[in-house]
Amino acid sequence: MKFIAVILSFTIALLLTACKPQGSPGDSAAETLANTMTTSSYNYTTHNLYDISFKDATLPFNVADAARAGSVFFRNSSRALLDGGEQYRFAFADCCFIWDKHLPAPTKLRVVWNVVYDLDLFEGESGKHYDDRASKEPAPGTRWCSAMVEVPGPAPVTADNLSLHFLPDGTVIGSYGKASAPAPLSSAQVLAHAAPMPKGQYCKQEITNPWFGIPRAPHKE
């Protein structure tokens, strides 16, 4: 039990809380760990998605302590077909977050992500010299975006994953599911949000670089 407690304290220090936990005084370490969820991101757009993060919308948003939802680059993400034959891509984040499954529905999240619309610029010489802590502007070939997302609930008892679905018209949809069973939207749901945004626009709400001014954590050997 002592080992579990040590692991739990270390985990909580690292995990980035997306929603406010509402544990009872009798909650054990095992119960708390059972309330962790992973995240997955689904990309139905024509652009790469980078550095996706999210947090309970009622809490102040700081990208450095937000929960991570990974990135969906076309070259290294998983791909599959919707029920109508359209291709989509998805990826799972490396970590998890504490989630109270008894929170009232819907759960409202603030989601922040980076759209990489020009990979050559992003990975080119100008991109290599870009410092995200020193510039309010996004990296070359990218735009920072933000959206408020209401996730229908309550979360099913068996749910252990929160999915974020990024659609062509800039809409972001959240859903609960199982990490072991990818669950994309239906073709009809994607078609309802298939209208492309105006040329030069990559999301409904663009924001300045959220990493600007945040010091890097000291390197530890």
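**View 1. Strands S2 and S6 pair antiparallel in this predicted model.** Strand S2 (residues 48–56) and S6 are joined by 7 bridges. For a pair to look for, take Ser53, whose bridge partner in S6 is Val112. Strand S6 itself spans residues 107–116 and is mostly covered, with 8 of its 10 residues buried.

**View 2. Strand S6 also pairs with S7, again in the antiparallel sense.** Here 10 bridges hold the pairing of S6 and S7.

**View 3. A disulfide joins Cys145 and Cys203.** The sulfur atoms are 2.2 Å apart, and the torsion about the S-S bond is about -85°, so the disulfide is left-handed. Are these cysteines buried or exposed? Both Cys145 and Cys203 are buried. A search of the whole structure finds 1 disulfide.

View 4. The secondary structure comes to 5 helices and 10 strands. Of the 221 residues, 41% count as buried. Among contacts with a separation of 6 or more, 73% are between residues 24 or more positions apart. The chain exposes about 12,000 Å², and carbon and sulfur atoms supply 58% of that area.

How values were computed: Residues numbered from 1 in each chain as written. Predicted model: local features only at pLDDT ≥ 70, side-chain atom pairs only at ≥ 80, totals over all residues. Heavy atoms only, no water. Disulfide = S-S within 2.5 Å. Buried < 20%, exposed > 50% of the residue type's maximum accessible area, 1.4 Å probe, protein only. Helix = DSSP H or I, 4+ residues; strand = E, 2+ residues; numbered from the N terminus. Contact = heavy atoms within 4.5 Å. Areas by Shrake-Rupley, 256 points an atom, 1.4 Å probe, with all protein chains shown as cover. Pairing = 2+ DSSP bridges.
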